[in-house]
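Subject: Structure for you to look at

Hello,

Here is the structure I said I would pass on. My notes on it follow below the model.

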Number of protein chains: 2
Amino acid sequence: MNAELQPRRIPTRLEALKRALDEGTMRQVHRLVNSMHPAEVASLLESLPQTQREVVWDLVDPEIEGDVLVELNEEVRAGLIREMEPEDIVAAAEGLEVDDLADLLRDLPENVNQQVLRSMDSQDRDRLNAVLGFEEDTAGGLMNTDTVSVRPDVTLETVLRYLRMRGEIPEKTDALFVVNRHDRYLGVLHLTRLLTEDPERTVGEVMDTDVSGIPPATPATEVASLFQDRDLVSAAVISTDAGRLLGRITIDDVVDVIRDEAEHSVMSMAGLDEDADMFAPVVPSARRRGVWLGINLVTAFLAAWVVGLFEATIQQIVALAVLMPIVASMGGVAATQTLTLIVRGLALGQVERANARWLLTKEIAVALLNGLAWATVVGLVSWLWFHQWRIALVIFAAMVVNLLAAALAGVTVPLALKRLGVDPAVAGGVIVTTVTDVIGFASLLGLGTRMLR
Amino acid sequence: MNAELQPRRIPTRLEALKRALDEGTMRQVHRLVNSMHPAEVASLLESLPQTQREVVWDLVDPEIEGDVLVELNEEVRAGLIREMEPEDIVAAAEGLEVDDLADLLRDLPENVNQQVLRSMDSQDRDRLNAVLGFEEDTAGGLMNTDTVSVRPDVTLETVLRYLRMRGEIPEKTDALFVVNRHDRYLGVLHLTRLLTEDPERTVGEVMDTDVSGIPPATPATEVASLFQDRDLVSAAVISTDAGRLLGRITIDDVVDVIRDEAEHSVMSMAGLDEDADMFAPVVPSARRRGVWLGINLVTAFLAAWVVGLFEATIQQIVALAVLMPIVASMGGVAATQTLTLIVRGLALGQVERANARWLLTKEIAVALLNGLAWATVVGLVSWLWFHQWRIALVIFAAMVVNLLAAALAGVTVPLALKRLGVDPAVAGGVIVTTVTDVIGFASLLGLGTRMLR
């Protein structure tokens, strides 16, 4: 058979890169890496262990280094920057957009930071400082200062002439901002309107005043909801007091917020940090994960202590020890389901005091139905297994009690955590499964002690 | 004290609405609802139990009904549509964008579907059928057919005149598509370039050929990565064979894909459906969640069966039953951490065969470090508790074994599931915790049987 006729898998970029690295053909690595878009290079770097990552990073063309750094996750970025010469960092920072540059500067050591700032002209430095003055996860921290603004009383004709003279409009501009002579934000002039309306009309006549400006202290997550609800491509950030135009936020940065938020909830439920480097060295990784295991250990000891209270019962009726995993596991799964629903509802702003009671009632009812159904199954199996109807009755009752506890904890714990200002996605899981472990064991072994001894 | 001086909480929209509903002041409900943006109305409807939801829905202005339906989650939407008269559905469908309309039609009963199609003019119907011909979660299903295209050999001046004559450009247009006379896609003409370049230049001279067209069968998740990597606002969908322009995808639809994908991974890890109605009636909710509990029950019986094999040991050494929850719980947490990391890496395209071995080695090393550390703690506490060094040794060994098993399962199970075409986010959790339960109990009780009896 001809070799060419056999189906061959096309090697992925990562495979091709690994092979080139293993074979030491650096020219090929260089060609591969620099044929990619900065975001793709960033993703590839994140997929490599540290030593290989540094080799590849050295081969990235200096012109795109800045763009790649911006796309990297925090820990990987910090690791690469640590190894870079200050001059190289300054060079990489050149040509970045102000919001991206601000993100990068927050990670840099203070002396390099000063060097970057000194290398900029005073206008750019002022712009950058305006962004750095706001928290990273607010509208102010997300914004760019490269706005193009026009007055409401000029004609579209004039705007068209002005733009042509200006010669350049920032990327992702879908609208110009309309301001009065005190730089106060009035509305937006969509480029599509500018291109289609009669040029004799004034900006004020065709501008859109529907979307108001965003105060700089607005949390990034609220900005993201606004962009999603209104299908925006860009929006103005305005000063809280005078409504002056400060900058603009574009959809690409909002997409990053949405993605980060989503990753945060997945990762934090397992006690992980979404900014962590998947290929971090063993010792720091172990330390970080160890913390979460330690917290869980405390709750596990609590459950064990409850079991320990009933040692005498277990010695007499070993069947109870056999059934322990079932009660605990079903309770944990049911609680996690309710918790996940509520945490998501809170994140979407769809769960609040006004409907929490209704939800609690519903979850209790669901738990009762499922509890009765599955407890019957478990009871029957236990009866067949141990030939004692009392044991079947005890596990039946313990399961119903534990599923009700699961529903109660699943609804109330996240609401309480939210009120206390604690992220329910992080702490919720540990707490509700501790509740179901403790209640599950206590009801199974407690009822067993009463009914079986 | 003056009542006005006391700090008062501003009622949320939901609270205000609930109060108006409870008091039966329907005019107020009407005013409240119709002062909101369609996406906000949709979110509010999703936050209400079914009966109240239907009352509020009846008060939504017919003009925005279509836009609200499009924003709703699938189950809530289907519920409202079921109660609507066919004529009202047809009216609501009017004025929707083609991609939104296609989404809606996929949910409608066949006879209403036909009625909507008949109500459209033939051009719109053809466009709609073009979109309906593709799967919902592909580039073809996401696209809109309202493209504006220009030829490469005309001047910008001509394009500007054409647009003014046309009088309207679809929303979120940031670029026109450049096609040859066979409608073959060549590149994009950004509006920003159109507005700033010399009008005497031709489209071909200033167009951007960097971003190639997207074939209609491309999965929506790949489209999302492309938009994120390249910071796109819109992109062309082109036919696979001739490269003909079929339509365009805009960032707002991509944002929905990104959010849905993120929700899917959070929800499916708890065996939940992200399209389900949080306020669905009790019985269907219980049935849906019951399935997941049932699957878990099978695995719980497996764990119980393992424990049952060692009944005689437990009867002699009850301390082992007391320590069972600790081994199982720590193993489950460690496995979930590794699993979550790998599932996310797979979703980001950062984990594949080329680096899986490296990750496995790393995870095993992390597990060994954490296993030794926490097993020592547990061993010491057990020794203090039960005053038997043999028991301390048994739990120490069982924990180290189980954390190693957790790392092994956490890496290999999602990779294997992915190869089998099963979503690792859905099935991974159940499988890895079953592994750690079984191995944890077997090693604890097995070692206990050998060393303690």
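This is a predicted model: local features need pLDDT of at least 70, side-chain atom pairs count only at pLDDT 80 or more; totals for chains, interfaces and linings use all residues.

Chain A as a whole contains 22 helices and 5 strands. Its radius of gyration is 30 Å, whereas the globule rule gives 22 Å for 453 residues, so chain A is more spread out than a compact globule. Along the principal axes, the C-alpha atoms of chain A fill a box of roughly 95 × 60 × 55 Å. Of its 453 residues, 47% count as buried. If we take the contacts in chain A between residues at least 6 apart in sequence, 71% of them join residues at least 24 apart.

Next, the two chains. Chain A superposes on chain B by a rotation of 180° with 0.0 Å of shift along the axis, at an RMSD of 0.0 Å. This is the relation of a two-fold axis. Both copies use the same surface, in that 100% of the contact residues of chain A recur in chain B.

The contact between them involves 98 residues of chain A and 98 residues of chain B. On the side of chain A that touches chain B, helix 19 (residues 319–347) of chain A gives the most, with 17 residues. Sorted by class, that side of chain A has 51 nonpolar, 26 polar and 21 charged residues.

Taking the two pairings in turn:

- Strand 1 of chain B runs parallel to strand 2 (residues 175–179) of chain B, and 2 bridges join them. Here B:V150 has B:V178 in strand 2 as its bridge partner.
- Strand 2 and strand 3 of chain B pair in the antiparallel sense over 5 bridges. In this pairing B:A175 stands opposite B:H190 of strand 3.

Strand 2 and strand 3 of chain B also form a hairpin, with 5 residues between them. Within the turn, B:D183 has a positive phi of about 70°.

One residue of chain A is worth a separate note. Is A:E222 buried or partly exposed? A:E222 has 13 C-beta neighbours inside 10 Å, so it counts as partly exposed; the cut-off for buried is 20 or more. A:E222 belongs to helix 15 (residues 220–230) of chain A. A:D252 lies 30 residues from A:E222 along the chain, and 15 Å separate their C-alpha atoms.

Those are my notes on the model.

Regards

Definitions and conventions. Residues are numbered from 1 along each chain as its sequence is written. Chains are lettered from A and ligands numbered from 1 in the order in which they are written. Two strands pair if DSSP finds at least two bridges between them. Helices (H or I, at least four residues) and strands (E, at least two) are DSSP runs, numbered from the N terminus. The radius of gyration is taken over C-alpha atoms; the globule rule is 2.2 Å times the number of residues to the power 0.38. A residue is buried if 20 or more other C-beta atoms lie within 10 Å of its own, exposed if 12 or fewer, and partly exposed in between; C-beta atoms are placed from the backbone. Two residues are in contact if their C-beta atoms, placed from the backbone, lie within 7 Å. Ala, Val, Leu, Ile, Met, Phe, Trp, Tyr, Cys and Pro count as nonpolar, Asp, Glu, Lys and Arg as charged, and the others, Gly among them, as polar. Copies are superposed by least squares on the C-alpha atoms of residues with pLDDT of at least 70 in both.
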